[in-house]
Every structure is written in C-alpha cells, then in structure tokens.
Amino acid sequence: MIIILFGPPGAGKGTQAQRLVDKYNLKQLSTGDMLREAIAEGSELGKKASSIMDRGELVSDDIILSMIRDKLKESGSDGFIFDGFPRNLEQAQALDKLLHELKLSLDLVIEIVVNDEVLINRIENRARESKNARNDDNEEVLKNRLNIYHKTTEMIKPYYLKQRKLCKIDGMRSIEQVSSDIEGHLINI
Ligand code: AMP
C-alpha cells in the first residue's frame, strides 16, 4: 500500500501517519523528519537545509528527491506513507516516475482538511509546549508556510484528482475520528 497524507502544516499528518505505520506495517516517509535528522547529525545536506527551513521555505527538489529515492529502496514493510511530500507539482511528477521505475504505484492521496485559523492555534500551542517545539513553529514562519501551502502545494490537487486518487477528510475532529475516516478509505486498497 502506498499513500500520501496531504494537508497544511499542523493538519495532523504526522500523528495520523504514526497510527497507520503500526496498524498496516507501513514505513512513514516524512521529508520534514528526514531533514531535521540531517540537521541534528550536522551533515552537509542538513547545513544546506537548515536556514531554508527556519524561514519556512521549500528545500530544493534535488535534495528532497534524493532522500526519497534512497528510502523507497529499503524493504521490510508492506508499503509507504508519504507525509509532507510531495509539496509541489515537480515533486509529484518525479514521485510517479520513481514509483514507475521501481514497479510500484500510488494507491491514494488523503487530504486532511483544516482551516487556517485552527492551524494557527494548533501550532501556537505546539510552540508553547517546549518539548515539541520546532524552530519553524512561530507565527511569522507559520504564515509563510501556510502561504506556500496555498500558493504551491495545493496546486498538486488537480493532478491527483485527474488520476482519481484524491479523497478529502475533515481534519477538525478528534484524532480517533480522523483515523477512523482514513481507515475507511483504506479498506478498498
Ligand atoms: P514539515 O515537517 O513537513 O512541516 O517540514 C518542515 C520544513 O521542511 C518545511 O517547511 C520545508 O522547509 C522543509 N520540507 C519538508 N518537506 C519538504 C518537501 N517535500 N519539499 C521541500 N521542502 C520540504
């Protein structure tokens, strides 16, 4: 099973992905987590990405695609969940090409819909809880991340609609309710 959890920053993609990992034996491929790991390790890639992430802008497609390519070749799971990837049309097209090369195919893109006001509240709360705080969890950067989401990332939706692979769920309910909706969509895969 190969699915994409799609949605704005703070929509709960990471939380939902973790629940699916255990239940369906999938590997979570979060490009944001991979980049934060690279920064923590002090690698060259991490150094390149760090200031871009702090501004809430998109890291180059080359960096992102090389990370994804490596991870997709790893075995040991029954599929993958992409979280935070793809974030623009070029990445979406490159993913299709990559999956085709590996004789794999994307099953479903699940959009978790949350309005901006709710997202801003959620991220402000995350910033307050120092344990989960991230460098890019502050109002100014969040606004930039949301802007990029609406201007660039959301433009991918017609691409997946055309492929009849996009479904939407209401992300403004409890974690359990959102999970159960997602699982409802996975039954037919
Ligand atoms: P996230 O954890 O998904 O919110 O990502 C945190 C930051 O990492 C983003 O604001 C971007 O700077 C960078 N990033 C994560 N995934 C991607 C991606 N697919 N393409 C470009 N930049 C990304």
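Tutor: Let us begin with a term: a polar contact is a pair of N or O atoms within 3.5 Å, and within protein one must be able to donate a hydrogen and the other to accept it, while residues adjacent in sequence count only if both atoms are side-chain atoms. This is a predicted model, in which local features need pLDDT of at least 70, side-chain atom pairs count only at pLDDT 80 or more, and totals for chains, interfaces and linings use all residues. Residues are numbered from 1 along each chain as its sequence is written, and side-chain values use heavy atoms, with hydrogens and water left out.

Student: OK, how far is the polar side-chain atom of Arg-36 from an oxygen atom of the ligand?

Tutor: That polar side-chain atom of Arg-36 lies 2.9 Å from the ligand oxygen. A nitrogen atom of the ligand is 3.0 Å from a polar backbone atom of Gly-84, and an N or O atom in the side chain of Arg-145 is 3.4 Å from an oxygen atom of the ligand.

Student: And how much of the ligand does the protein bury?

Tutor: The protein buries 96% of the 490 Å² that the ligand exposes when taken alone, with areas from the Shrake-Rupley method and a 1.4 Å probe, where for residues only the protein chains shown count as cover.

Student: How many residues surround it?

Tutor: The ligand is surrounded by 16 residues, where near means that a heavy atom of the residue lies within 4 Å. Thr-31, Arg-36, Glu-57, Arg-87 and Gln-91 are the closest.

Student: Which helix gives the most to that shell?

Tutor: Helix H2, residues 31-41, gives the most, with four residues; helices (H or I, at least four residues) and strands (E, at least two) are DSSP runs, numbered from the N terminus.

Student: Switching topic, which peptide bond is cis?

Tutor: The bond from Phe-85 to Pro-86 is cis, with omega near -5°, and Pro-86 is found in the loop between strand E3 (80-83) and helix H5 (89-101).

Student: What about Lys-103, is it buried or exposed?

Tutor: Lys-103 is exposed, because its relative accessible area is 77%, and the classes are buried under 20%, exposed over 50% and partly exposed in between (1.4 Å probe, protein chains only). Phi of Lys-103 is near 60°, a positive value in a residue other than glycine.

Student: Then where is Arg-164?

Tutor: Arg-164 is in the loop between helix H8 (157-162) and strand E5 (166-170), and its phi is near 55°, a positive value in a residue other than glycine.
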